[in-house]
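Let's take a walk through this fold together. Have a look at the sequence and the model first, and then we'll go through the parts one by one.

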Amino acid sequence: MQPTVPDDDLIRIAVGLACRAPSVHNTQPWRWRYDGGVLDLSADSHRRLASADPSERQLVVSCGAALHHLGTALTALGWLADIRRLPDQASPSHVAQIRFHHCTRSPQSHDLDLLSAIRRRYSDRGPFDPVDPKTLSPASLKDIVRRHGVHLTVLPHSARPVLAAATELTAASRQLDPTYQTELYWWAGHSLPEDGIPTEALATADNQARVDIGRRFPIGSDSGSILHPDQATVLVLSTDGDDRGAWVRTGEALSAVLLDATATGHATCPLTHMTEFPQSRRMIGSLLPDSGLPQVLIRIGSTDTQDPPRQTPRRPIESVLTIVPRPGHRC
């Protein structure tokens, strides 16, 4: 007989894949608990970026991305996730509760492509060539994010000056903020064993100068070889509301876009710096066709990189996942 709930080993595998999700500064601000066949996801407020993310918006978006990664992994492993988002109003840190059902069909080839994309995806902060129209239409991603109650806008090239101005405005506002700079350099530009952004995942000075839309990270040592200014397509994910529920859905939509783009061989880079600062967020909002609130931007394009950088570090599964032993079950 088939088991009615996933065993502990499958949960460890699925959560390990979920934790490959992108998170702001690779802070990995999530906690998982598996008890009695039910998996709970909570935000870890101890990993909040106090200066860049005082409202915990990006923290919750990060957890939403991990939630979608989890569902994607489970589908490829033969399970369906029945997700209740924000089920515990008395606990603001509680993001979702997940129960499980067997898939009634075998995983499809696209399910396996997305599973592979979880392992291969990374944030490329260097310049991109244009999107390959033979393999991906950015507009086609709108249907993917609509399932999550999120809007996707493909910005035209004419919006580039506004995006660059918003980047410069954000950078200037942060340049003399010692709290922000200390936080940034704590998480980025050195090799922490379990989290943060290593130097090889950050753009060199030359590559950073070629990308006019991006957070001003410490200078890195990435191996990109594109020698012209960035030609990425820029997408904006926006929502009607601006509460924790909207942030969770944004994270899920973000994950869906990144995995689909990776599966088609494209490079991606999520951007949140321009929605941290109120004035630059309003500038991005002015580019949207409706009154939605911009949450995350995504650069997407092509590269000729043959050897992607090593995977950014992740915390040991034991530090983010608690499995409560079942009665009579010997660990």
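What follows covers the sheet, the helices on it, the pockets and a couple of single residues.

Keep in mind that this is a predicted model, where local features need pLDDT of at least 70, side-chain atom pairs count only at pLDDT 80 or more, and totals for chains, interfaces and linings use all residues. Residues are numbered from 1 along each chain as its sequence is written, and side-chain values use heavy atoms, with hydrogens and water left out.

Five strands make up an open sheet with mixed pairing, in the order 3-4-2-1-9. Strands here are DSSP E runs of at least two residues, helices are H or I runs of at least four, and both are numbered from the N terminus; two strands pair if DSSP finds at least two bridges between them. Strand 3 (79-85) and strand 9 (321-323) sit at the edges with a single partner strand each, so one side of each has no neighbour in the sheet. From one strand to the next, the twist averages 20 degrees.

Now zoom in on the pairing around strand 4. Strand 3 and strand 4 (residues 94-102) run antiparallel and are joined by seven bridges. Along this pair, Trp 79 stands opposite His 102, and Ala 81 is opposite Phe 100. Strand 4 also pairs with strand 2 in the antiparallel sense, over four bridges, and there Leu 39 has Ile 98 as its bridge partner.

Next come the helices. Helix 2 (residues 57-76) packs on the sheet, touching strand 1, strand 2, strand 3 and strand 4, where contact means heavy atoms within 4.5 Å. The direction of helix 2 makes about 155 degrees with that of strand 3; axes are lines fitted to C-alpha atoms, for helices over the stretch in contact, and angles run from 0 to 180 degrees between N-to-C directions.

On to the pockets. The largest pocket has a volume of about 460 Å³. A pocket is an open set of points on a 1 Å grid over the protein atoms alone, where a 1.4 Å probe fits, with protein on both sides within 12 Å along at least five of seven lines; lining residues have an atom within 4 Å of a point. The volume is the space filled by probe spheres set on the points, which are joined across faces, edges and corners. Its lining has 17 residues, with His 68, Thr 72, Leu 114, Arg 147 and His 148 nearest the centre. Helix 2, strand 3, helix 3 (109-120) and helix 8 (244-263) each give two or more residues to that lining. The second largest pocket holds about 240 Å³ and is lined by 12 residues, among them Tyr 122, Gly 265 and Thr 303.

Finally, two single residues. Beyond its neighbours within four places in sequence, Thr 262 touches Ala 117, Arg 120 and Arg 121. Leu 227, in the loop between helix 7 (205-210) and strand 6 (233-239), is exposed at 68%.

Conventions:
Buried < 20%, exposed > 50% of the residue type's maximum accessible area, 1.4 Å probe, protein only.
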